[in-house]
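Please examine the structure shown below before reading on.

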Amino acid sequence: MSAFLGPIHSLMYNRIITMQQVINALAELSKAEGWNANVDNYVIQEFPPIEEVVDLSNIHASLFGMVDGAEKRFAGIVSAIAKENSDRLEKIKATVKSAGESMKIEGVKSPEEACARLQEILLDGMPCDRASMVNQYADGSCEIIRTMDLHSSYFEEAGFDRDLYYQLLKSFVTGLFADSEVKISGDVMHTIAIYM
């Protein structure tokens, strides 16, 4: 592997940062609600430039470790907050949606553009995983199709049903497109259909 950081590596790092911002929002929720959850271990406030955090002698493994860490922190913080009290899940979903709204995707002119912008944000493993593909249709809509599930195992290991990750993802995506003409449908676990 070369010791060059390219655009795909920066894209992956930005996706990791996006997921971390959602994690940080959940930590803030827990503290604001006075929940006695130990959430500080999941928080990362500073994001140094990529060249300071990636091992240039093994970029792929370094980024994979960061992706894995972000997935574990996300499942971990949800578990820390809600495992003993599932009544908190609705507030967690609302906070994840609000986090999406704070990163709102604006100025989208077509479903195809919305699909591309969404794929720049979602952390779906490493590019070599090929965990999703995009289909475009004659009516102008497009669909992100998941070819594999890279997320459920983290939530299952944290003691949750595999569907919870995708419920939270749907909340996040809904927030990303809030107040826009972009509409989404699909179960999000297998497909995200986008149309306008």
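Helix 1 and helix 5 are roughly perpendicular to each other, a term that covers angles of 65 to 115 degrees. Helix 1 spans residues 7–33, and helix 5 spans residues 111–121; helices here are DSSP runs of H or I with at least four residues, strands are runs of E with at least two, and both are numbered from the N terminus. The two helices pack at an angle of about 75°, and their axes lie 7 Å apart. Axes are lines fitted to C-alpha atoms, for helices over the stretch in contact, and angles run from 0 to 180 degrees between N-to-C directions. Leu11, Arg15 and Thr18 of helix 1 meet Gln119, Glu120 and Ile121 of helix 5, where contact means heavy atoms within 4.5 Å.

This is a predicted model, in which local features need pLDDT of at least 70 and side-chain atom pairs count only at pLDDT 80 or more, while totals for chains, interfaces and linings use all residues. Residues are numbered from 1 along each chain as its sequence is written, and side-chain values use heavy atoms, with hydrogens and water left out. The protein chain averages a pLDDT of 93, and 98% of the residues score at least 70; pLDDT is the predictor's confidence in each residue, from 0 to 100.

A second pair of helices is formed by helix 3 (residues 59–82) and helix 7. Their axes are 12 Å apart and meet at an angle of about 95°, so helix 3 and helix 7 are also roughly perpendicular. Glu71, Phe74 and Val78 of helix 3 touch Leu164, Tyr165 and Leu168 of helix 7.

Rolling a probe the size of a water molecule over the atoms shows where empty space is left. On a 1 Å grid over the protein atoms alone, a cavity is a set of points where a 1.4 Å probe fits but cannot get out, and a pocket is an open set with protein on both sides within 12 Å along at least five of seven lines; lining residues have an atom within 4 Å of a point. The largest cavity has a volume of about 170 Å³. Of its 14 lining residues, Met19, Val22, Tyr165, Leu169 and Phe172 are the closest to its centre. Helix 1 and helix 7 (163–176) each supply at least two residues of this lining.

The largest pocket has a volume of about 200 Å³. Its lining includes Met12, Arg15, Gln119 and Arg130, and helix 1 provides the largest share, three residues.

Terms used:
Points joined across faces, edges and corners; volume = space filled by probe spheres on them. Parallel < 35°, antiparallel > 145°, perpendicular 65-115°, else oblique.
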